[in-house]
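Please keep the sequence and the structure in view while reading.

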Amino acid sequence: MSQQLPRFGCHRVPTASGARRPDQPIMWLSCENSAALLRVEVAGEIDMSNAHLLVELLESPAVAAVPLVTVDLSMVTFFGASGVDALVRMRALLSERGGGLTLRDPAPIVRRVLELTGTLALFGIPSAVRQGGVPTVPVAW
């Protein structure tokens with residue numbers, strides 16, 4: 001197995017219109033882990049091809065004992081039913097371990113899908129952010 005990382009942008013892949021575009025990852029994840037908090041930042045699209053990666057991240061032994069996870073969804077550009085399922089599964093997994101899940105600054109598409117599915121209330125989101133506004137009091141993340 002090669003230790004070399006794949007290079008994106010060097011291949012041309014077909015699009016639905018038949019045009020070709022450079023290949024690029026559709027979702028980026030970054031993590032910052034401390035003893036008490038795991039902060040996950042997600043950018044791009046969360047769909048059926050990659051939503052499972054969020055849950056698998058929490059199943060990793062490196063973060064198995066983290067009591068609180070904050071997921072920053074401010075840079076998400078697409079969010080479907082698989083994303084909702086992943087967040088609900090993450091919440092259940094953390095709850096089983098005595099932990100919790102908080103969503104930070106969900107993008108409008110994320111907030112809207114969570115509202116439509118009736119799952120927004122499951123997640124710790126500051127009320128001003130939940131309404132789509134700017135918090136009037138600083139919120140510590």
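Aspartate 85 is partly exposed, with a relative accessibility of 39%; here buried means under 20% relative accessible area, exposed over 50%, and partly exposed in between (1.4 Å probe, protein chains only). Arginine 89 is likewise partly exposed, at 41% relative accessible area. A salt bridge joins the side chains of aspartate 85 and arginine 89, at 3.5 Å from N to O; the term denotes a side-chain nitrogen of Lys or Arg within 4 Å of a carboxyl oxygen of Asp or Glu.

Both residues belong to helix α2 (residues 81-96), where they are 4 residues apart, about one turn of the helix. Helices (H or I, at least four residues) and strands (E, at least two) are DSSP runs, numbered from the N terminus.

## Basis of the model

The model is predicted: local features need pLDDT of at least 70, side-chain atom pairs count only at pLDDT 80 or more, and totals for chains, interfaces and linings use all residues. Residues are numbered from 1 along each chain as its sequence is written, and side-chain values use heavy atoms, with hydrogens and water left out.

Arginine 39 and aspartate 72 form a salt bridge, 3.4 Å from N to O. This pair links distant parts of the chain, 33 residues apart: arginine 39 lies in strand β4 (residues 37-46) and aspartate 72 in strand β5 (residues 68-79). Both arginine 39 and aspartate 72 are buried.

Arginine 39 also forms a salt bridge with glutamate 41, with 3.4 Å between the closest N and O atoms. Glutamate 41 is partly exposed, at 27% relative accessible area. Salt bridges link Arg39, Glu41, Asp72 and Arg104 in a network. The count of salt bridges comes to 5.
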